[in-house]
Amino acid sequence: MEQTMHPNVRALSRGLAILAELNVGGPSSAQTLARKTGINRTTAYRLLHTMIEDGFVTFDEPSGEFSSTPQVRQLSDGLSARDAMSQAALPAMFALMKEVSWPSDLAVFDSGSVIIRETTHPYSPFSVHRAMIGRRRPFLRSSLGRAILAAARPKVRRTMLEITAASGNADAALAEDQAVINGLLEQFNRDGFAWSVGETEKNISAIALPIVGASGVIGSMNIIFFSTTMTPQKAAGRYLRNLQKAVASVETELRRSIRR
């Protein structure tokens, strides 16, 4: 591990260890918490009383036990399913890049388009871009968007298309063309993956797969390559299994995070 410029705050680490133990084990005495966390009992008392003052812990006098309060939940309320997906995706994305060399993006549906949340572009030897996070891609003319479209449940898909139609962006008219939507869905079902050729950027092609969580599709992941290098079908023949493995890894990690 690299040496940091500042020393670790040991009291903070110990306080977090106590909170973690309270969340897992429920109400406990200071003696029990000290034993399970390996913290000196006097230090444990001091940390618990500090957290009582801050509103994160409460003390029940009859039982002599400490408990975490609902305020602890505020520490994780900002962690959405999308944030969890980003954290779960990065190891899989880097493993994918090592296998295929081409860059990948992870995207989610947002206001009638898809927005890139994670990427390996800065690390790929074949990338012509570096700053990709936060860039938008069309919902119906990108492999990322088409993968999400195909995996969405019918009711969710209708809402996504309504949002896209009302957005006024370049995909608005396409979102109202049922023949176009049916064609995209049939294409995905036939090929087993979404793809695009030069529709988001000249000479850039991509194949993509959806990422599905417990509540349905939550995003997608692609592999990007030069259109002059290979067709999407050829890319799928070479790399689709790698992409499937990466997506499966993300979905597995998401399920694990929910159980934690």
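A residue counts as exposed when its relative accessible area is over 50%, and as buried when that value is under 20%. The model described here is predicted.

Helix α6 covers residues 154-167. Its 14 residues reach 20 Å from the first C-alpha to the last, close to the 20 Å expected at 1.5 Å a residue. The buried residues of α6 are R157, M160, L161 and T164. These four lie on the same side of α6 because they cover an arc of only 95° around the axis. The elements that the buried residues of α6 pack against are β3 (105-110), α5, α7 (172-175) and α8 (178-191). Just after α6 comes G168, which takes a positive phi of about 80°.

A search of the whole structure finds 1 cavity of 30 Å³ or more, and about 200 Å³ of space lies in the largest cavity. Its lining is made up of 23 residues, of which D105, H121, R137, I204 and I224 are the closest to the centre. The largest share, 4 residues, comes from β8. Sorted by class, the lining has 12 nonpolar, 8 polar and 3 charged residues.

Notes:
Residues numbered from 1 in each chain as written. Predicted model: local features only at pLDDT ≥ 70, side-chain atom pairs only at ≥ 80, totals over all residues. Heavy atoms only, no water. 1 Å grid on protein atoms, 1.4 Å probe; cavity = no way out; pocket = protein on both sides within 12 Å on 5 of 7 lines; lining within 4 Å. Points joined across faces, edges and corners; volume = space filled by probe spheres on them. Helix = DSSP H or I, 4+ residues; strand = E, 2+ residues; numbered from the N terminus. Nonpolar A, V, L, I, M, F, W, Y, C, P; charged D, E, K, R; others polar. Expected span 1.5 Å × (residues − 1). Buried < 20%, exposed > 50% of the residue type's maximum accessible area, 1.4 Å probe, protein only. Arc of directions from axis to C-beta. Contact = heavy atoms within 4.5 Å.
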